[in-house]
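Let's take a quick walk through this fold, from overall layout to the packing inside.

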Amino acid sequence: MICIIGNGGHARVLQALITNGIDFYNITTDEEPKPDDDLLLGIGSIKIRRQVFKKYGPKRFMSVTHKYAMIDPGTKFGYGIQTMCGAIIGTNVTLGSNII
């Protein structure tokens with residue numbers, strides 16, 4: 001199951017990305033996700049995103065890509081990447097972790 005941390009606008013965007021039959025639930029930053037669930041960071045504030053990302057560690061966070069994002073096959077991804085609709089990522093690109 002997927003746990004989206006956050007309940008605001010960015011969390012709703014992520015919900016729209018994963019509504020193809022995948023089970024998910026939302027929590028606030030004051031709540032704890034289930035231990036085996038994959039995490040998505042549905043928070044727009046960079047300061048809070050960094051704190052939450054550090055708290056759970058990068059390997060807990062899954063990456064998502066919108067079906068209308070264009071990504072070069074050679075792109076290297078870190079953890080917790082969120083590639084939105086209309087994004088274009090060209091050749092020889094390396095993305096770190098926790099990027100929207």
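What follows covers the layout, the overall numbers and the nonpolar cores.

This is a predicted model, where local features need pLDDT of at least 70, side-chain atom pairs count only at pLDDT 80 or more, and totals for chains, interfaces and linings use all residues. Residues are numbered from 1 along each chain as its sequence is written, and side-chain values use heavy atoms, with hydrogens and water left out.

The protein has two helices and seven strands, running β-α-β-β-α-β-β-β-β along the sequence. These are DSSP runs (helices H or I, at least four residues; strands E, at least two), numbered from the N terminus.

| Property | Value |
|---|---|
| Box filled by C-alpha atoms, along the principal axes | roughly 40 × 30 × 25 Å |
| Buried residues (under 20% relative accessible area, 1.4 Å probe, protein chains only) | 36% of the 100 residues |
| Contacts (heavy atoms within 4.5 Å) joining residues at least 24 apart, among those at least 6 apart in sequence | 37% |

Now for the inside. A nonpolar core here is a set of buried Ala, Val, Leu, Ile, Met, Phe, Trp, Tyr and Cys residues joined through side-chain atoms within 4.5 Å. The largest has eleven residues, among them Cys 3, Ile 27, Ile 43 and Phe 61. Strands S1 (2-5), S2 (24-27) and S3 (38-41) and helix H2 (46-56) each give two or more residues to this core, and H2 gives the most, with three. Leaving aside neighbours within four places in sequence, Phe 61 is in contact with residues including Ile 5, Leu 39, Val 52, Tyr 79 and Gly 80. A second, separate core has nine residues, including Ile 4, Ala 11, Leu 14 and Ile 18.

Note on methods
Buried < 20%, exposed > 50% of the residue type's maximum accessible area, 1.4 Å probe, protein only.
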